Amino acid sequence: MDYQNFQRFLNSRIKRRNFIIGTGALTGLAIASQIPHPRAIAKARFSDYPFKLGVASGEPYPNSVVIWTRLAPDPVNGGGMPLVNVPIRWEVATDSNMRQIVARGTEIATPELAHSVRVVVEGLQPERWYWYRFISGKEASPIGRTRTAPSPGNYVNKFTFALASCQHYEQGYYTAYKYMAQENLDLVVHVGDYIYEGPIVQGRVRQHNGPEIKTLEDYRNRHALYKTDPNLQAAHAAFPWIVTWDDHEVENNYANAISQLDDDDQDPIEFLARRAVAYQAYYEHMPLRPFSRPQGPNMQLFRRLSFGNLATFHVLDTRQYRTDQPCEDGVKERCAGTFDPNATITGKAQEDWLLEGLNTSQTQWNILAQQVPIAQRDMTPGEGATFSMDKWDGYLASRNRLMSFLEQRKPSNPVSLAGDVHSHWAMDLKADFDQPDSTTVGSEFVCTSISSGGNGADTNPTVAAYLPDNPHIKFYNGQRGYVRCLLTPINWQADFLVMSNVTTESGTISKRASFIVENGRPGVQQV
């Protein structure tokens, strides 16, 4: 189903109602509402089209993939579902018309997970496209498309994915996703700020659905608002996704159990309670495998996915385990905290897991899919130096250990992917960023935002002034868009795609620049 047909299907379904049944959406509501932990299964009869949040897939393995949906006839008002369990049938086919069914089953959508379901579809063939849909009662979801990974060690001559991040609903339209959905991709990688937690701000192109979110219902409604966007739904329906979060999925610039509001003496227990409900809502709305289901304020998100002999994604979580930002956060000169050997952006367990994975990887490209730029960015021109304390620049011990490992152990073709900063960057990773002649040990591509920050601009005088102090930075652009990456055994090509504007729905997309990384030669080169 192409993008235009997907939109027509979605619009027709949303307008259609089977029937209205007063204040209840399902038979048995009156009885079920009296049960504290409902386990009764109700017939699927809805007050409105229940698949308004679309479908998604992700976490592709060679023989399995996750497919996702959520029943939500009234998405931004709690979902519109009663407190009963509801069956959802699912089907997977080898054709877009859903005639060649190869797997099917039934899942139970429960109130505990906001009537979301994820199915780990097993027994699939490697490196193959599949189509899928969900059915509940008389209603069918849009048809999604997904793809399994190549088998371990299998030769892969081409692999294409898009890198995206930062999609503030109020600050722009998701037109970039319309263009992404029309691409010929194997995968989408989203590295954080999928939602924003802030309140309504008047005068923006769209509006959030309430004040700053703090409760489970708040976070569920905010995720639902974002997922009502048809362009985002189209990109989810077109390809499998690998996702990881950054800060705004919970709260701006939080660090582990430390709130950005700590200066106001917020109780850490109170923040962990907020983190727990935010993690819960994130899990409910993403096509993650069941091992990521949160336990209170803890959630397993760092993981590894490989694609034949060509690429391994080492997916990182640089929020949940980090120590507090040094120097009281912000863009600052380095203070003692930036040199603290005990400070960490990943936590020791995740760092050990990463280095072990890099050390034993058998694939040609080793990709660090993570949140914030690793490469140094000195933001003061000429004399003096300032750095963003929220990025790897604020955690020198962590970065130095990683750069030293890359220099000494030389894992095959390390490439960092990041987002967060609402701008495009192409950078070399250096053994010692303060010594420009030191060894180049890897490469980094940072994607701009989908919409956060509004339209942006091609150049920025402030950034242009300090770029000469950062010779390892090869490219900057401040427009909106995403990065398209094409991997082959010979090289990696990254195309920086930019939007003409995101404050209208008529923005167009174009290629601003392209860079390659050659196999066996760390560092980026413009083409």
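What follows is a dialogue on the rings, cores and sheets of a predicted model.

Trainee: How many aromatic pairs does the count come to?
Mentor: Rings of Phe, Tyr and Trp pair if their centres lie within 6.5 Å. By this rule the count comes to 25.

Trainee: Is the pair of Phe-159 and Phe-161 stacked, tilted or edge-to-face?
Mentor: The ring centres of Phe-159 and Phe-161 lie 6.3 Å apart, and the planes stand at 45°. Planes under 30 degrees apart count as stacked, over 60 as edge-to-face. An angle of 45° therefore makes the pair tilted.

Trainee: What is the pair of Tyr-169 and Tyr-174 called, from the angle of its planes?
Mentor: The centres of Tyr-169 and Tyr-174 are 6.4 Å apart. The planes are at 85°. Over 60 degrees is the cut-off that applies, so this pair is edge-to-face.

Trainee: Are Phe-161 and Tyr-174 buried or exposed?
Mentor: Buried means under 20% relative accessible area. Phe-161 has 0%. Tyr-174 is also at 0%, so Phe-161 and Tyr-174 are buried.

Trainee: Which Trp residues belong to the cluster that ring pairs build with Phe-159 and Phe-161?
Mentor: Ring pairs link Phe-159 and Phe-161 with Phe-307, Phe-313, Phe-445, Phe-475, Phe-496 and Phe-515. Trp residues join the cluster too.

Trainee: Which ring does the charged end of Arg-377 sit over?
Mentor: Two charges over Trp rings can be described here. Lys-227 lies over the face of Trp-68, at 5.1 Å from the ring centre. The charged end of Arg-377 is 5.1 Å from the centre of its ring, that of Trp-425.

Trainee: Which element gives the most to the largest nonpolar core?
Mentor: That core has 48 residues, and Tyr-177, Met-180, Trp-241, Tyr-282, Leu-288 and Met-299 touch the most other members. Elements giving two or more residues include β6 (129–136), α3 (175–181), α4 (216–227) and α6 (268–285). With six residues, the most comes from α6.

Trainee: Which Arg residues does Leu-288 touch?
Mentor: Residues up to four places away in sequence are not counted. Leu-288 then touches Tyr-282, Tyr-283, Met-299 and Leu-301, among others.

Trainee: How many residues are in the second, separate core?
Mentor: This core includes Cys-485, Trp-492 and Ala-494. Phe-159 is another member, and is buried at 4% relative accessibility. The core has 34 residues.

Trainee: Which are the edge strands of the open sheet of ten strands?
Mentor: The order is β5-β2-β1-β11-β10-β9-β22-β23-β24-β25, with mixed pairing. An edge strand pairs on one side only. Those strands are β5 (116–121) and β25 (521–526).

Trainee: Which residue in β2 stands opposite Val-55?
Mentor: Strand β1 (residues 55–58) pairs with β2 (residues 65–70) in the antiparallel sense, over four bridges. Opposite Val-55 stands Thr-69.

Trainee: Which residue in β15 is the bridge partner of His-314?
Mentor: The open sheet of eight strands has the order β12-β13-β15-β17-β19-β18-β21-β20. Five bridges join β13 (residues 311–315) to β15 (residues 365–369), and the two run parallel. The partner of His-314 is Leu-368.

Trainee: What angle does helix α7 make with β13?
Mentor: Helix α7 (residues 348–360) lies across β12, β13 and β15. Its direction runs to that of β13 at about 175°.

Terms used
Residues are numbered from 1 along each chain as its sequence is written. This is a predicted model: local features need pLDDT of at least 70, side-chain atom pairs count only at pLDDT 80 or more; totals for chains, interfaces and linings use all residues. Side-chain values use heavy atoms; hydrogens and water are left out. Rings of Phe, Tyr and Trp (its six-membered ring) pair if their centres lie within 6.5 Å; planes under 30 degrees apart count as stacked, over 60 as edge-to-face and the rest as tilted. Buried means under 20% relative accessible area, exposed over 50%, partly exposed in between (1.4 Å probe, protein chains only). A charge sits over a ring if NZ of Lys or CZ of Arg is within 6 Å of the ring centre and within 35 degrees of the ring normal. A nonpolar core is a set of buried Ala, Val, Leu, Ile, Met, Phe, Trp, Tyr and Cys residues joined through side-chain atoms within 4.5 Å. Contact means heavy atoms within 4.5 Å. Two strands pair if DSSP finds at least two bridges between them. Axes are lines fitted to C-alpha atoms, for helices over the stretch in contact, and angles run from 0 to 180 degrees between N-to-C directions.
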